[in-house]
Amino acid sequence: MKFDTLQQGITFYENYARIFGFDTRLYSIKKRKFDGKILLKYCVCNKEGFRETPRIQAECKKKRPITRMGCKARLTLKLTNDQDSYEIFSFHEGHTHA
């Protein structure tokens with residue numbers, strides 16, 4: 001599936017997530033060095049990865065609930081060879097949580 005802009009691809013995944021009942025977040029990008037154009041953009045489930053543990057436990061006044069569970073669901077958008085649109089490079093729909 002191709003998108004004219006990167007934002008259209010992100011909006012597509014956000015709408016998909018809303019229909020299937022999960023939230024998303026933008027994870028990472030890879031840019032070209034010589035002009036800064038985005039080559040890859042990762043959109044992931046908001047429960048992807050694990051939260052870093054605080055460096056000093058004593059400084060934590062309020063403990064936050066654990067929300068990240070190592071979920072692998074993600075969409076990767078890649079700049080096409082013609083350099084004017086983005087396409088779905090990879091898609092993993094499996095969630096590791098309810």
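I take two strands as paired if DSSP finds at least two bridges between them. Helices (H or I, at least four residues) and strands (E, at least two) are DSSP runs, which I number from the N terminus.

**Entry 1. Basis.** I am working on a predicted model, in which local features need pLDDT of at least 70, side-chain atom pairs count only at pLDDT 80 or more, and totals for chains, interfaces and linings use all residues. Residues are numbered from 1 along each chain as its sequence is written, and side-chain values use heavy atoms, with hydrogens and water left out.

**Entry 2. The sheet.** I looked up the strand order and found an open sheet of 5 strands, β1-β5-β4-β3-β2, with antiparallel pairing. At the edges I noted β1 (2-3) and β2 (24-31); each has a single partner strand, so one side of each lacks a neighbour in the sheet.

**Entry 3. Strand β3 and its partners.** I then followed β3 to β4: the two run antiparallel and are joined by 5 bridges. Here I recorded Lys78 in β4 as the bridge partner of Leu40. Towards β2, I found antiparallel pairing with β3 over 7 bridges. Across this pair, Arg25 stands opposite Val44 in β3, and Ser28 stands opposite Tyr42 in β3. I also noted that β2 and β3 form a hairpin with 6 residues between them, and that Gly36 in the turn has a positive phi of about 80°.

For burial I used relative accessible area: buried is under 20%, exposed is over 50%, and partly exposed lies in between (1.4 Å probe, protein chains only). On this scale β3 is mostly covered, with 6 of its 8 residues buried.

**Entry 4. The core.** I searched for nonpolar cores, each a set of buried Ala, Val, Leu, Ile, Met, Phe, Trp, Tyr and Cys residues joined through side-chain atoms within 4.5 Å. The largest has 15 residues, of which Leu6, Ile10, Tyr13, Phe22, Cys45, Ala73 and Leu77 touch the most other members. The elements giving two or more residues to this core are α1 (6-20), β3 (38-45) and β4 (74-79). I recorded α1 as the one that gives the most, with 5 residues.

**Entry 5. Salt bridges.** How many salt bridges does a search of the whole structure find? I found 1, counting a side-chain nitrogen of Lys or Arg within 4 Å of a carboxyl oxygen of Asp or Glu. In this salt bridge the side chains of Asp35 and Arg32 meet at 2.8 Å, N to O. I checked both residues for burial: Arg32 is buried, because its relative accessible area is 18%, whereas Asp35 counts as partly exposed at 42% relative accessibility.
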